[in-house]
Amino acid sequence: MRVVMIGTGYVGLVSGACLADFGHRVTCVDKDEGKIAQLRKGIMPIYEPGLEALVARNVGEGRLLFAGDPREAVPEADAVFIAVGTPSRRGDGHADLSFVHAAAEEVARLIRGFTVLVTKSTVPVGTGDEIEALVRRERPDADFAVVSNPEFLREGAAIEDFKRPDRVVVGFSDERARPVMAEIYRPLYLNETPILFTDRRTSELTKYAANAFLAMKVTFINEIAELCEKVGADVQGVARGIGLDNRIGRKFLNAGPGYGGSCFPKDTLALVQTATRAAAPLELVETTIRVNAARKKAMAAKVVAAVGGEIKGKTVGVLGLTFKPNTDDMRDSPALDLIPALQALGATVQAFDPQGREAEALLPGVDFKSGPYEAITGADVMVLLTEWDQFRALDLDHVRGLMRAPVVVDLRNVYRPDEVRQRGFAYSSIGRP
Ligand SMILES: NC(=O)c1ccc[n+]([C@@H]2O[C@H](COP(=O)([O-])OP(=O)(O)OC[C@H]3O[C@@H](n4cnc5c(N)ncnc54)[C@H](O)[C@@H]3O)[C@@H](O)[C@H]2O)c1
């Protein structure tokens, strides 16, 4: 298949490279010429484990190309995927579809022969209908079908998720689209991945329902953690005890500082907008959003309590800034709530993240250090905020020697409380005695 991917970000680049690896001929297009120039030199614009090698292999074998101009590839394409951003619209939280619409218009002008237009971006229910109308308006003569194919990959494990997904969802109405989509995902049939062919609206809503459910699950265990702290129970024991029940499942039961990232915050907001407009409000999701926002704010108080109630003039060493490990993505990261809150209370913050490249622009006033030990040197408290592997086995005796005071706030429950306390630290974590 000849495939074009419009938008070469976290989703577009990974999807494009994986589809090329499946054997298709893929052109990844991005309007950001800088990104395309970098990619042509083999430089990845994002950090994702395994991506550089995957891209290099497929470029080398001639199946993966990069273009700044969609004219280079769209006319020949069997399928054009739209994988552009759908951020929250300022003010109301609805998904901002301006990038999707602009991409669809551009593509509409260029398609030749029967072309399947696939929406991979996360878009509100009904967007497929809008795209269809828009393309028809732009090009009354065009022969096309609009398909919804939401992406479920996780940053940090994106290649594995794309190549071995739990399922692929394809929403369509024009029967001619089915064989094209089946051919694109054919390698997945071999490992018996369920491919759910459904209607477009069901597919669009499935993506939001999945993210809202996961956001709710995380928020649930976070609230249970809060209760554990009050009653002297251990949230990890509770999570294990409930997670072994297959109806609940073990994943997404790690209590932490509140969810962030490029998807849950914006997708829960957008789903609530859709539901409210449809007069079917989703109160569970509304509550999840509210509880999570409050939780992210409450983390500063936890750090203040750990240093005895007054943080003014103290130094906080923060380990990890990205919203989760193995990505450089800073979007809606808990760090963006916690650090400014600590600074506002008069703390000095020094920090280290292995990949949070953007962090310097997003977190003014922070002293960025070159490693974890540098970040906690002279600190009155160490805050473990993102559970990168390299923070899991710090030399705690060395840490104690470097810090001004031996205080650790572990917001990811990486360490065992007794082990850290035995080494002379005051230690607090999430939902554990
Ligand atoms: N990031 C994730 O983990 C994830 C997972 C599943 C789904 N999604 C969804 O996938 C979509 C993309 O997310 P992302 O994180 O990859 O976004 P991103 O911001 O990393 O990438 C979007 C890219 O699209 C480009 N772009 C915008 N308009 C364009 C146009 N008209 N022509 C060409 N390029 C254009 C931008 O320059 C940018 O490089 C979103 O709808 C998101 O909700 C993201």
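Author: Tyr 427 counts as buried, at 6% relative accessibility; buried means under 20% relative accessible area, exposed over 50%, and partly exposed in between, with a 1.4 Å probe and protein chains only. The model is a predicted one, in which local features need pLDDT of at least 70, side-chain atom pairs count only at pLDDT 80 or more, and totals for chains, interfaces and linings use all residues. Residues are numbered from 1 along each chain as its sequence is written, and side-chain values use heavy atoms, with hydrogens and water left out.

Tyr 427 belongs to strand β14, residues 426-428. Helices (H or I, at least four residues) and strands (E, at least two) are DSSP runs numbered from the N terminus. Neighbours within four places in sequence aside, Tyr 427 is in contact (heavy atoms within 4.5 Å) with Val 408, Asp 410, Tyr 415, Pro 417, Val 420, Arg 421 and Arg 432. With Tyr 415 there is also a polar approach: a polar atom of the Tyr 427 side chain lies 3.0 Å from the backbone oxygen of Tyr 415. A polar contact is a pair of N or O atoms within 3.5 Å; within protein, one must be able to donate a hydrogen and the other to accept it, and residues adjacent in sequence count only if both atoms are side-chain atoms. Between Tyr 427 and Thr 119, the C-alpha to C-alpha distance is 47 Å, and 308 residues separate them in sequence.

Asn 413 is placed in the loop between β13 (407-410) and α17 (417-422). Its phi is near 55 degrees, a positive value in a residue other than glycine. Most residues other than glycine have a negative phi. Asn 413 is buried, with a relative accessible area of 9%. Phe 252 likewise has a positive phi, of about 60 degrees, although it is not a glycine. Phe 252 sits in the loop between α10 (235-243) and α11 (264-277), and counts as partly exposed at 31% relative accessibility.

The largest nonpolar core has 42 residues, and Leu 19, Leu 51, Phe 81, Met 181, Ile 184 and Tyr 185 have the most contacts inside it. Such a core is a set of buried Ala, Val, Leu, Ile, Met, Phe, Trp, Tyr and Cys residues joined through side-chain atoms within 4.5 Å. Helix α1 (residues 10-21) supplies the largest share of this core, seven residues. Apart from this core lies another, of 34 residues, among them Ala 225, Cys 228, Leu 253 and Ala 351.

The ligand is surrounded by 27 residues, the closest being Asp 30, Lys 35, Thr 86, Glu 155 and Lys 266; a residue counts here if one of its heavy atoms lies within 4 Å of the molecule. An N or O atom in the side chain of Lys 35 is 2.5 Å from an oxygen atom of the ligand. The elements that give two or more residues to the shell are α1 and α4 (98-110), and α4 gives the largest share, three residues.
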